[in-house]
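Good morning, and thank you for coming. Please keep the structure in view as I speak.

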Amino acid sequence: MSADLRATDLSLGTRLKGVTVALRSGEVTAICGPNGAGKSTLLSCLAGLTVSDAGAVTLEGEALSALPARRRAQAIGYLPQGPEVAWDVTVDVLVALGRLPWQDASSPQGQAAVEAAIATMDLQPLRTRPVSRLSGGERARALMARVLATQPRWLLADEPLASLDVGQALALMKRLREQADAGRGVVLVLHDLATAMNHADRVIVLKDGRLATDGEPDQSLAADIIGAVWGCEARWLGEPGTRALSVS
Ligand SMILES: Nc1ncnc2c1ncn2[C@@H]1O[C@H](COP(=O)(O)OP(=O)(O)OP(=O)(O)O)[C@@H](O)[C@H]1O
């Protein structure tokens, strides 16, 4: 069984045009590109939530579209961009919703997974707080904890750092690295190219719905590619692992 999530020749209107990528478990993959490039659309297709006009997504060799919804939800945790929380539940209850695909929130195993997710996202002090009384960043952490509580083999997150402060963002990237080191696949839509450069194993760049590059961060985010895709004159500063991007 190949431990990968593949999109083959994926097309959807003008949003995706023949995108082929093979994502590997055990890696952190960043999907980057300008606004409207198709990043969220690709991630949603990889999660099985958006159906393409042409092409296919396979999960570990099986067509994603043929998998029962529950098995798919067990395997793939998906955090959309700026998700709404429909009910004003407490953090505890929200995170426990992550066990729905397993239907075991009240079992010792389910509870252990919820506790681990709450601890991982540093949510103990907030666990009895209703979601409506969280700050934007706290809410983002609670929503990530819900995804982690599922303990999916694949973690797909659309701009998971968007509302986090610099310390929380760094902490989350470390946690996601631990998830990859534990053998999970981590796929993140990121606008911050320095985060992608410093923390991803691999960077996929989309432009106008097409694959622009797919490779190691140094290669995919080389200055000439940033120039061609984002239209900025770019220069990387600093050492590998802590690089900063200077753009003009
Ligand atoms: N439901 C939809 N129906 C039709 N077109 C859509 C839909 N959602 C998004 N689009 C369009 O598809 C293109 C790709 O959108 P997508 O959200 O995937 O881009 P993105 O790369 O994630 O952008 P951003 O960085 O702004 O979040 C955009 O031009 C957008 O306007």
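Let me begin with contacts along the chain. Of the contacts in the protein chain with a separation of 6 or more, 66% are between residues 24 or more positions apart. Two residues are in contact if their C-beta atoms, placed from the backbone, lie within 7 Å.

Two remarks on the source are needed. This is a predicted model, in which local features need pLDDT of at least 70 and side-chain atom pairs count only at pLDDT 80 or more, while totals for chains, interfaces and linings use all residues. Residues are numbered from 1 along each chain as its sequence is written.

The protein chain has nine helices and 12 strands. Helices (H or I, at least four residues) and strands (E, at least two) are DSSP runs, numbered from the N terminus. The radius of gyration is 18 Å, close to the 18 Å that the globule rule gives for 248 residues, so the chain is as compact as a globular protein of that length. Here the radius is taken over C-alpha atoms, and the rule is 2.2 Å times the number of residues to the power 0.38. Along the principal axes, the C-alpha atoms fill a box of roughly 50 × 40 × 30 Å.

How much of the protein chain is buried? Buried residues make up 40% of the 248 residues. A residue is buried if 20 or more other C-beta atoms lie within 10 Å of its own, exposed if 12 or fewer, and partly exposed in between, with C-beta atoms placed from the backbone.

In soluble globular proteins, nonpolar side chains tend to be buried together. The largest nonpolar core in this model has 70 residues, and those with the most contacts inside it are Leu46, Val95, Ala145 and Leu156. Such a core is a set of buried Ala, Val, Leu, Ile, Met, Phe, Trp, Tyr and Cys residues joined through C-beta atoms within 7 Å. Helix α5 supplies the largest share of this core, eight residues. Leaving aside neighbours within four places in sequence, Val95 is in contact with residues including Val114, Ala117, Ala145 and Ala149.

Now to a pair of helices. The axes of α4 (residues 108-120) and α5 (residues 136-149) come within 8 Å and cross at roughly 145°. Axes are lines fitted to C-alpha atoms, for helices over the stretch in contact, and angles run from 0 to 180 degrees between N-to-C directions. Helix α4 contributes Ala113, Val114, Ala117, Ile118 and Thr120 to the contact, and α5 contributes Ala145, Leu148 and Ala149.

Finally, some single residues. Most residues other than glycine have a negative phi. Which phi does Glu60 have? Phi of Glu60 is near 50°, a positive value. Glu60 is in the loop between β4 (54-59) and β5 (62-63), and is partly exposed, with 17 other C-beta atoms within 10 Å. Asp208 also has a positive phi, near 50°. Asp208 is placed in the loop between β9 (202-207) and β10 (210-215), and is partly exposed, with 14 other C-beta atoms within 10 Å.

Not counting residues up to four places away in sequence, Leu237 touches Arg243, Ala244 and Ser246.
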